[in-house]
Amino acid sequence: MTLQAKKKYSTLRLILGDQLNASHSWYRARDEQTLYLIAELHQEASYTLHHKQKIAAFFAAMQQFAQALESSGHEVLYLNLDDTSSFSDLPALLDYLIDQYRVDHFEHQLPDEYRLREQLANFRGSLSIPSCACSTEHFYLPDEEIGHYFQPQKRHRMENFYRKIRQRFNVLMDSDKPRGGKWNYDANNRNKLKATDLANVPAPLLFSNNVSSILARIDKHKITTIGHADTQLIWPVNRAQATQLLNYFCEVCLPRFGQFQDAMTGKLTLLGEDHGWSLYHSRLSFALNAKLLSPAYVVNTAIAAFEQSNGEIEISQIEGFVRQIIGWREFIRGIYWANMPDYASLNALDANRQLPSWFWTGDTKMNCLQHAIKQSLHFAYAHHIQRLMVTGNFCLLTGIDPALVDRWYLGIYIDAIEWVEMPNTRGMSQFADGGIVGSKAYAASGNYINKMSDYCSDCIYNVSNTIEDDACPLNSLYWQFMHSHQLQMGNNPRTKLVFSSWLKKSEQQRIAVLDKAKHCLNDIENL
């Protein structure tokens, strides 16, 4: 259907790019008087500096969803960047279409980003026709119940929330007890990949979605992007592909997922057919966040695989995966909506340093950061420990402005939508919320990187040294960070031992460490 069509519709329904839920109640009945709108928007392609694969993946998924709806007998209007380029923003487009199709009623699903929810609420307030907003019908926890679990500016802990949600939805439960007798098997899931483990790491399931026309439109409309993008997109862009990826994960990766979910390796190269970047991770986050798959479907499918595995999949493997979906994902969403819009400006540690320019290239001598950043630029992906304990840890230790860190994470990752990105970055990673998300700042020296990866063995820096010329920068930066924030963190039970160790050093030793950290900060562009 084209933008110039003159048919009258009684209802216009807007579907955003992260609302591709084929199971939504909207689609249970076909109605020739209801028009579904899916649109590529300059507003959404440009509100932050996105990875090119991210824009391509969302646009490709939107196109395929529109085609599926139309094939099912629904009236669909799909507009690409060419069609929408003359409209300043989404409300301007909607105003035009409501007039063009003489619409009597406007409907949309509640956006999962604050800026879009506000924009559409304001738009509805300006309309002279009836309008309404409904649930996306995606998450375990309905919007109207978030306030039952989360209060603004209050500290919340994921573990408590996770147990309540498992009990409420009967996930991995035996009556009122957790399956296997424990709620959390995290202690079993912190293994480093040994040399003998590398040969068994499975190749990732990749797709070949032709996005050449989408990339051409992005270039034609001068959408500024970051990262690398091939004409064949490797990410799932429809429900069938997403289901295929889920099944592959359950069959191939889940048996070792928990065991190695925190591990990192640089021994398998980033490019070509090697797969050190994917390891045992599901890589379902884009499909979940675009709503191609529901969290309940993902969790139920994985649990069914666990139950049918005849013991090949241990409880610790499935529990670790379930915790990511109904623990962190639902928890982070609750934190976001309970605290917005104030959450977006929190900066509890007064961090104000600029992001080093090599965050856009990966051209740093620090092997861990080089791997994590170049991988992110090439695949629009890094797993949670690379994000939290490599790039995030560096930004925390060096005092990078959390607004700049937010922007980088929001743009570079294919799965990054503000509701899930911001609390993970500003809260969990940067401790800018002062502890609303995490009970402590996730600061670490090079020792953590060495414990969970093989990055350090090939690095120009020596992870065992702190003040020497070849010392790993993370070591002195770690002590400098803890020293600078002793007032905020010195009484935290989880960091008391750290400060005790710091104070046991002689004054001369502490001065030498702080001097080394100062040198690293002054020379941050050349690390």
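Q: Ala, Val, Leu, Ile, Met, Phe, Trp, Tyr, Cys and Pro count as nonpolar, Asp, Glu, Lys and Arg as charged, and the others, Gly among them, as polar; how do the residues lining the largest cavity divide by these classes?
A: This is a predicted model, in which local features need pLDDT of at least 70 and side-chain atom pairs count only at pLDDT 80 or more, whereas totals for chains, interfaces and linings use all residues. Residues are numbered from 1 along each chain as its sequence is written, and side-chain values use heavy atoms, leaving out hydrogens and water. A cavity is a set of points on a 1 Å grid over the protein atoms alone where a 1.4 Å probe fits but cannot get out, lined by residues with an atom within 4 Å of a point. For the largest cavity, the lining divides into 17 nonpolar, two polar and six charged residues.

Q: Which element gives the most to the lining of the largest cavity?
A: The lining holds 25 residues, and Gly17, Asp18, Glu44, Tyr47 and Phe58 lie nearest the centre of the cavity. At least two lining residues come from each of strand E2 (34–39), helix H1 (42–46), helix H2 (52–71) and helix H5 (114–126), these elements being DSSP runs numbered from the N terminus, with at least four residues for helices (H or I) and at least two for strands (E). The most, five residues, is given by H2.

Q: Which of the 13 residues that line the second largest cavity are the closest to its centre?
A: Helix H14 (367–379), helix H18 (446–452) and helix H19 (473–484) each supply at least two residues of this lining. By class, the lining of the second largest cavity has 11 nonpolar and two polar residues, with no charged residues. Closest to the centre of this cavity are Asn367, Cys368, Cys456, Cys459 and Cys472.

Q: Where H14 packs with helix H15 (residues 384–398), how many charged residues does their contact have?
A: The axes of H14 and H15, which are lines fitted to C-alpha atoms over the stretch in contact, are 10 Å apart and form an angle of about 115 degrees, which makes H14 roughly perpendicular to H15 (65 to 115 degrees, on a scale from 0 to 180 between N-to-C directions). Cys368, Leu369, Ala372, Ile373 and Gln375 of H14 make the contact (heavy atoms within 4.5 Å) with Gln386, Val390, Thr391 and Phe394 of H15. Of the residues in this contact, six are nonpolar and three polar, and the number of charged residues is none.

Q: Where helix H7 packs with helix H13, how many residues of their contact are charged?
A: H7 (residues 158–169) and H13 (residues 315–339) pack at about 105 degrees, with their axes 9 Å apart, which makes H7 roughly perpendicular to H13. From H7, Met158, Phe161, Tyr162, Ile165 and Arg166 meet Glu319, Val322, Arg323, Ile326, Gly327, Trp328, Glu330 and Phe331 of H13. This contact of H7 with H13 has eight nonpolar residues and one polar residue, while the number of charged residues is four.

Definitions and conventions:
Parallel < 35°, antiparallel > 145°, perpendicular 65-115°, else oblique. Nonpolar A, V, L, I, M, F, W, Y, C, P; charged D, E, K, R; others polar. 1 Å grid on protein atoms, 1.4 Å probe; cavity = no way out; pocket = protein on both sides within 12 Å on 5 of 7 lines; lining within 4 Å.
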